[in-house]
Amino acid sequence: MALTQATDRGQEATGAQGLLTRAIADHSPSLLLLLLLVFLPAIASDFVLDQIVGWTLILGMIALSLMFLAGYGGMVSLAQMTVAGVAGYMITVLGASSLPSISLFWPWWVAAPLAILIAVAFGTLTGALSARTEGIYTIMITLAIAVAFFNLTLQNWSIFNGFNGFTSIPAPVVFGINWKAAVPLYYLILFFAVLGYASVVYVARTPFGVALQGVRDNPRRMEAIGYNVTAHRVAAHAFAALIAAVGGILLVWLNNQISPGTAGIEATIDLLVIAVVGGLGHPIGAFVGAIIFVLLRTFALDALVAVGLDGRRFQTLIGLGFLAIVLFSPDGVLGLWQRLAGARRPAGRDG
């Protein structure tokens, strides 16, 4: 009897070790990338940490919220940058800024959770307004909400300070660490980006995530077997809003300012382009699209000047780059990579 129990325990340990080994092998590219990001401050400058990787991770987080809604729920929401903007404005109004006549100067541990709560409520309301629509109608409703918020911040001076916005927005100082400094802020952004990515991967595999994908594929059948389609869609908007809200606060702390353009129409379209170019089939696509966007935005002007062209046309170069990606791979860079990997795999077996 004791020998049988020992054998069973040995088999369970071997099975658990096999599962761990298989999980590490399946996720080795992601783990290697995470390891590189963890040690990046040892070799990278503050410019790379803030303006390249920091921007990429924050935009990737906000695009991740759009990817979750579109990829798993079939809902293309153009209000995700607006949700991030609501959180950014609220952390400024409730916390500290250069305008003591507007900002309340509450401590960050009060202002930040309230800002996230307000942004999540806004995102949930957006979901409630658009949950009974599909396709182009969802896009138009969420776009109308984004335009309305942009005009509200642009014209309202008593709360949002109009087109001037806010500046000098400090990041918190916790445990004696100034989280506005380049390296601490980088690790703060990296932590929440990894947490957001892991949360989406986890939720997609839960019963709620599986049901949401069923709602995406056939809402009428899901409703017929007893699922509340509207409730699932609204809950998905609330979850996506939480990710976008955290990204909006990090964006304000990184940028040290917020204005109507932060969540304007151009930023909304940029976010959609990021999600589509990266690929809506997997959460990592949001970050792939974000790094492509940030690199093109940062270096396109210098590249044009280097070849003797007018640097003011850098937006054209960015547009051509995105157009080429979408034309050659409608499901984004991630889809192109998966097709190339699939094409190489049979050749490896034949060899």
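# Briefing: pockets, surface patch and salt bridges

Helix 11 makes the greatest contribution to the lining of the second largest pocket, supplying 6 residues. The structure described here is a predicted model. It contains 2 salt bridges, and its count of cavities of 30 Å³ or more comes to 1. A nonpolar patch is also present on the surface.

**The second largest pocket**

- The volume of the second largest pocket is about 400 Å³.
- Its lining consists of 22 residues, and those nearest the centre of the pocket are Glu-266, Ala-267, Asp-270, Phe-293 and Arg-297.
- Helix 3 (46-73), helix 10 (229-255), helix 11, helix 12 (284-306) and helix 13 (314-328) each provide at least two of the lining residues.
- Sorted by class, the lining of this pocket comprises 12 nonpolar, 7 polar and 3 charged residues.

**The largest cavity**

- The largest cavity has a volume of about 30 Å³.
- Leu-66, Ser-77, Leu-78, Gln-80, Met-81, Thr-268, Leu-271 and Leu-272 form the lining of the largest cavity.
- At least two lining residues come from each of helix 4 (80-94) and helix 11 (265-278).
- Helix 11 contributes the most to this lining, with 3 residues; helix 11 likewise gives the most to the lining of the second largest pocket.
- The lining of the largest cavity holds 5 nonpolar and 3 polar residues, and no charged ones.

**The nonpolar surface patch**

- The patch is formed by Leu-32, Leu-34, Leu-35, Val-38, Phe-39, Val-183, Tyr-187 and Val-194, which together have about 660 Å² of accessible area.
- Helix 2 (28-39) and helix 7 (182-205) each supply at least two residues of the patch.
- The greatest share comes from helix 2, with 5 residues.
- Phe-39, a member of the patch, belongs to helix 2.
- Phe-39 counts as exposed because its relative accessibility is 54%, above the cut-off of over 50%.

**Phe-192 in helix 7**

- Phe-192 is located in helix 7, one of the helices that supply the nonpolar patch.
- Its relative accessibility is 27%, so Phe-192 counts as partly exposed.
- Phe-192 and Met-61 stand 131 residues apart in sequence, whereas their C-alpha atoms are 8.4 Å apart in space.

**Salt bridges**

- Side chains of opposite charge can pair when their charged atoms come close.
- Arg-233 and Glu-134 are joined through their side chains in a salt bridge, with an N to O distance of 3.2 Å.
- This pair connects distant parts of the chain, 99 residues apart: Arg-233 is in helix 10, and Glu-134 is in the loop between helix 5 (108-130) and helix 6 (136-155).
- Arg-233 is buried because its relative accessible area is 7%, the limit for burial being under 20%.
- Glu-134 has a relative accessibility of 46% and therefore counts as partly exposed.
- A salt bridge also pairs Asp-217 with Arg-216, and the closest N and O atoms there are 2.8 Å apart.
- Asp-217 is exposed because its relative accessible area is 55%, while Arg-216, at 31% relative accessibility, counts as partly exposed.

Note on methods. Residues numbered from 1 in each chain as written. Predicted model: local features only at pLDDT ≥ 70, side-chain atom pairs only at ≥ 80, totals over all residues. Heavy atoms only, no water. Patch = residues over 30% accessible without salt bridge, like charges linked within 9 Å, V, L, I, M, F, W, Y side chains within 5 Å. Areas by Shrake-Rupley, 256 points an atom, 1.4 Å probe, with all protein chains shown as cover. Salt bridge = Lys/Arg side-chain N within 4 Å of Asp/Glu carboxyl O. Helix = DSSP H or I, 4+ residues; strand = E, 2+ residues; numbered from the N terminus. Buried < 20%, exposed > 50% of the residue type's maximum accessible area, 1.4 Å probe, protein only. 1 Å grid on protein atoms, 1.4 Å probe; cavity = no way out; pocket = protein on both sides within 12 Å on 5 of 7 lines; lining within 4 Å. Points joined across faces, edges and corners; volume = space filled by probe spheres on them. Nonpolar A, V, L, I, M, F, W, Y, C, P; charged D, E, K, R; others polar.
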